[in-house]
Amino acid sequence: IEAAFDALEGREAVLEQFIAFEKEVSAVCARGQDGEFAHYGVIENDHTHHILDVSQAPANIDDAVAKQAIEIARAIGEAFEYVGTYCIEFFLEGNGNLRVNEIAPRPHNSGHLTFDACVTSQFEQQVRAVCGLPLGSTEYYRPAAMANLLGDVWANGEPDWAAALQDGCVKLHLYGKSDPRSGRKMGHLTATADTAEEAARRVRSARQRLKAS
């Protein structure tokens with residue numbers, strides 16, 4: 001570490017503390033022009049190689065921690081006088097402490113599951129907010145999960161979409177990108193179930209089935 005600091009002498013740098021966090025969670029919210037606030041609860045996120053892999057809702061966390069996350073997210077939106085859909089990511093430490101990891105002033109990858117799981121998706125909520133319309137209901141039909149589809153899925157050719165959709169509770173969303181590069185987000189799968197854990201199992205299984213042999 002001494003050599004690293006010597007190399008930085010005279011240069012600007014950002015020093016980040018190592019956080020031994022238990023899990024990452026996010027709060028996808030929306031704020032209207034009149035200050036109206038809506039949220040989709042707390043979503044739990046799993047990453048692979050530093051890229052979001054699977055999100056599920058509701059997050060498996062204490063109710064008190066979930067309430068605090070929403071309060072913090074609301075306060076941040078109010079401080080910025082933000083209008084639209086936004087997401088606050090948190091690191092959850094083992095002692096229950098929340099640390100803000102990212103502020104995303106836009107619809108967020110972890111909120112893609114709202115498209116099929118909620119009365120009003122995060123995208124519709126964005127339109128409602130910026131157009132000065134009342135915010136829509138964020139009620140969930142059922143617990144849900146989302147799995148990202150990266151360009152790696154195309155490694156052996158066109159994925160087997162029919163195989164992925166054998167489960168009638170799985171939905172496919174492709175973004176229309178023509179170049180499926182490794183690590184590039186090309187689409188996602190969503191699923192609903194009686195529990196968030198079961199929904200996550202469904203999207204993972206569906207993603208495994210779509211890989212061309």
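In this predicted model, arginine 184 lies in the loop between β7 (170-174) and β8. Arginine 184 is partly exposed, at 25% relative accessibility. With residues up to four places away in sequence not counted, arginine 184 touches Leu149, Leu150, Gly151, Lys177 and Asp179. Asparagine 148 is 36 residues away from arginine 184 along the chain. The C-alpha atoms of arginine 184 and asparagine 148 are separated by 9.7 Å.

Salt bridges were examined next. The count comes to twelve salt bridges. One of them joins arginine 142 to aspartate 194, with the closest N and O atoms 2.7 Å apart. Arginine 142 lies in the loop between α4 (122-130) and β6 (144-150). Aspartate 194 lies in the loop between β8 (185-192) and α6 (196-210). The pair therefore ties together parts that are 52 residues apart in sequence. Arginine 142 counts as partly exposed, at 30% relative accessibility. Aspartate 194 counts as exposed, at 65%. Salt bridges with shared partners also join Asp167, Glu198, Arg201 and Arg202 into one network.

The side chain of arginine 99 meets that of glutamate 93, at 3.0 Å from N to O. Arginine 99 is partly exposed, with 31% relative accessibility. Glutamate 93 is buried, with a relative accessible area of 15%. The side chain of arginine 106 meets that of glutamate 102, at 3.7 Å from N to O. Both partners count as partly exposed: arginine 106 has 40% relative accessibility, and glutamate 102 has 28%.

Glutamate 89 presents another case. Glutamate 89 lies in strand β4 (residues 84-93). Glutamate 89 is buried yet has no salt bridge. The nearest side chain of opposite charge belongs to arginine 106, 6.7 Å away. The side chain of glutamate 89 is instead joined to that of histidine 108 by a polar contact of 3.0 Å. Neighbours within four places in sequence aside, glutamate 89 is in contact with Glu24, Val25, Ser26, Arg99, Val100, Asn101, Glu102 and His108. These contacts include Arg99 and Glu102. Arginine 99 is bridged to glutamate 93, and glutamate 102 to arginine 106.

Glycine 77 lies in helix α2 (residues 63-79). Glycine 77 counts as buried, at 1% relative accessibility. Apart from neighbours within four places in sequence, glycine 77 is in contact with Arg31, Tyr82 and Tyr86. Isoleucine 88 is eleven residues from glycine 77 along the chain. Their C-alpha atoms are separated by 9.3 Å.

A nonpolar patch was found on the surface. Ile1, Phe5, Leu8 and Leu15 form this patch. Together they have about 480 Å² of accessible area. Phenylalanine 5 has its place in helix α1 (residues 2-7). At 48% relative accessibility, phenylalanine 5 counts as partly exposed.

Note on methods. Residues numbered from 1 in each chain as written. Predicted model: local features only at pLDDT ≥ 70, side-chain atom pairs only at ≥ 80, totals over all residues. Heavy atoms only, no water. Salt bridge = Lys/Arg side-chain N within 4 Å of Asp/Glu carboxyl O. Buried < 20%, exposed > 50% of the residue type's maximum accessible area, 1.4 Å probe, protein only. Helix = DSSP H or I, 4+ residues; strand = E, 2+ residues; numbered from the N terminus. Contact = heavy atoms within 4.5 Å. Patch = residues over 30% accessible without salt bridge, like charges linked within 9 Å, V, L, I, M, F, W, Y side chains within 5 Å. Areas by Shrake-Rupley, 256 points an atom, 1.4 Å probe, with all protein chains shown as cover. Lys, Arg positive; Asp, Glu negative; His and termini not counted. Polar contact = N/O pair within 3.5 Å; in protein donor to acceptor, adjacent residues only side chain to side chain.
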